[in-house]
Amino acid sequence: MFKTLRDAWKVKEIRDRMLFTLFCLFIFRLGSHIPAPFIDKAEIAKIFESAGQSVLGFLDLMAGGSLSNMSIFAMNIYPHITASIIIQLLAVAIPSLEEMAKDGEEGRRKLNKVTRITGVALALIQAIGTVYGLYRNAITATTFIQHALIIVTLVAGTSFLVWLGDTITEKGVGNGISLIIFIGIVARMPQSIMQNIALAKAGVTSWISVILYFIILIAIVAFVVLIQEGERRVPVQYAKRVVGRRVYGGQATHIPIKVNMASVMPVIFASTFMQIPGTIALFTKGGFSDFLRKWMSADGNTVGFWIYFVINFALIIFFTYFYNAIQFNTVEYAKNIQSQGGFIPGIRPGKPTSQYLSRTVNRITFVGGLALAILSSLPLLLAHFSHLNVGFQGTSIIIVVGVALETVKQIEAQMTMRHYKGFLG
């Protein structure tokens, strides 16, 4: 990986893209420390100290500290991610959205526009909930204009981050949205690690738990790399065709089916979805809020923890299947193979090929989804049975490693394209 980055840095075009990406991420980190107007930061610090809830710490971790700072990026890009989940799920059920998804580049642009509008609406709702629910005691605004300015600032911050992510994807390296999540987590992880070491020094937890914590993190890194790199190669044979005096085909190749085609998106989607009950509990009071904290939270009672654990586990597997079904259309693959005179040895072309690929993909997807769910859940179990603040470290590590690998692969792809262009030129 480091060799790839070093080689890429020597190429001016790719170096410019990398520098542009770093500049955009620097802007994100700079904005994370610019406070929203009419907010009492001392009161927010008290809220974080008294909340004692893992969901609040997780939201702040994923936002790169923007939530505890109540910066202009406090909402981060999660309203957009939630909107993306909603639209992609609805695209399966609503014909008009499904048609957009299948209508090539133009359809995808329309679908992205719908997602952005939905994301802004969700950001508005979340901003109002955060300001007048979670941070209601920290607001110093007195007039309607001042209150409106807070809401507009937070919604604009989210919209700017979505634009920044799209700009990175277009003009930089890697997926911009994923990199924004990545840099936010990386910025907060050293503080989380030092807190756990401090807990061990203070005698709150044992050093054995801390050592076990580091072993689990290292194991998660290793297994995420294995999952990301693992693939099943389905052999494909192409029949010989004679056109004039030339002979075409006759070669053997394969279809590479990744163990984890969806990368880190199932983990991001599942973790975002699982924070909804806890976030509602933070913004509300009374019996319903207590019910959510008790029965739908990772830091609730024993039964509530296991309910949360099982649902989170199942959601990761579900979103793995969902994303793989979107990315790998077995019917289209079977048609393309047949139209080019190819076949899978021992399998008839057409529908039998599609069914064979479906069975293969489903088996591999189950393995990939199960592995992601286990890796994400291990730190949750460690946090439940110890006093360490590691409940969502598995999710964070999976996202960080997955995004890093994906970005390096995109850099490699850009280097390969450049070599081909140079050769053809």
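Of the 425 residues in the protein chain, 45% count as buried. Keep in mind that this is a predicted model. The chain has 17 helices and five strands, and its average pLDDT is 80. Below is a quick tour, from the whole chain down to single side chains.

**Overall picture and confidence**

- At least 70 is the pLDDT score reached by 88% of the residues.
- Residues 420–425 are another matter: their pLDDT is below 50, and beyond near neighbours in sequence this stretch has zero contacts in the model.
- If you take the contacts between residues at least 6 apart in sequence, 73% of them join residues at least 24 apart.
- The protein chain exposes about 21500 Å², and carbon and sulfur atoms supply 66% of that area.

**The loop between α5 and α6**

- Helix α5 covers residues 66–69 and α6 covers 78–93, with Met 70 in the loop between them.
- Met 70 isn't a glycine, yet its phi is positive, at about 45 degrees. Its relative accessibility is 0%, so Met 70 counts as buried.
- Asn 76 sits in the loop between α5 and α6 too, and here phi is near 55 degrees, again a positive value in a residue other than glycine. With a relative accessible area of 0%, Asn 76 is buried.
- Over in helix α5 you'll find Ser 66, which counts as buried at 0% relative accessibility.
- Leaving aside neighbours within four places in sequence, Ser 66 is in contact with Ser 32, Asp 60, Ser 71, Phe 73 and Ala 74.

**Aromatic pairs**

- The structure holds 13 aromatic pairs. One of them is Phe 73 with Phe 160, a stacked pair with 5.9 Å centre to centre and 5 degrees between the planes.
- Phe 73 belongs to the loop between α5 and α6 and Phe 160 to helix α9 (residues 144–171), so this pair ties together parts that are 87 residues apart in sequence.
- Phe 160 and Trp 163 are three residues apart in helix α9, so about one helical turn separates them.
- Elsewhere, ring pairs link Phe 269, Phe 318, Phe 319, Phe 322 and Tyr 323 into a cluster.

**Nonpolar surface patch**

- Phe 273, Ile 276, Ile 280, Phe 288 and Phe 291 make up a nonpolar patch on the surface, and together they have about 460 Å² of accessible area.
- Two elements give two or more residues to the nonpolar patch, namely α12 (265–283) and α13 (287–295). The most comes from α12, with three residues.
- Phe 273 is in helix α12, and its 38% relative accessibility is why it counts as partly exposed.

**Salt bridges**

- Side chains of opposite charge can pair when their charged atoms come close. A search of the whole structure turns up five salt bridges.
- Within helix α8 (residues 104–134), Arg 109 and Glu 106 are three residues apart, so they are separated by about one helical turn. Their side chains meet in a salt bridge at 2.6 Å, N to O.
- Glu 231 forms a salt bridge with Arg 233, with 2.8 Å between the closest N and O atoms. Glu 231 counts as partly exposed at 30% relative accessibility, while Arg 233 is exposed at 54% relative accessible area.
- Glu 231 also forms a salt bridge with Lys 258, where the closest N and O atoms are 3.8 Å apart. That pair links distant parts of the chain, with Glu 231 in strand β1 (residues 231–238) and Lys 258 in strand β4 (residues 252–258), 27 residues apart.
- Lys 258 counts as partly exposed, at 25% relative accessibility.
- Through shared partners, salt bridges join Glu 231, Arg 233 and Lys 258 into one network.

Technical notes:
Residues are numbered from 1 along each chain as its sequence is written. Side-chain values use heavy atoms; hydrogens and water are left out. Patches are made of residues with over 30% relative accessible area and no salt bridge: like charges are joined within 9 Å, nonpolar side chains (Val, Leu, Ile, Met, Phe, Trp, Tyr) within 5 Å. Accessible areas come from the Shrake-Rupley method with a 1.4 Å probe; for residues, only the protein chains shown count as cover. A salt bridge is a side-chain nitrogen of Lys or Arg within 4 Å of a carboxyl oxygen of Asp or Glu. Helices (H or I, at least four residues) and strands (E, at least two) are DSSP runs, numbered from the N terminus. Buried means under 20% relative accessible area, exposed over 50%, partly exposed in between (1.4 Å probe, protein chains only). pLDDT is the predictor's confidence in each residue, from 0 to 100. Contact means heavy atoms within 4.5 Å. Rings of Phe, Tyr and Trp (its six-membered ring) pair if their centres lie within 6.5 Å; planes under 30 degrees apart count as stacked, over 60 as edge-to-face and the rest as tilted.
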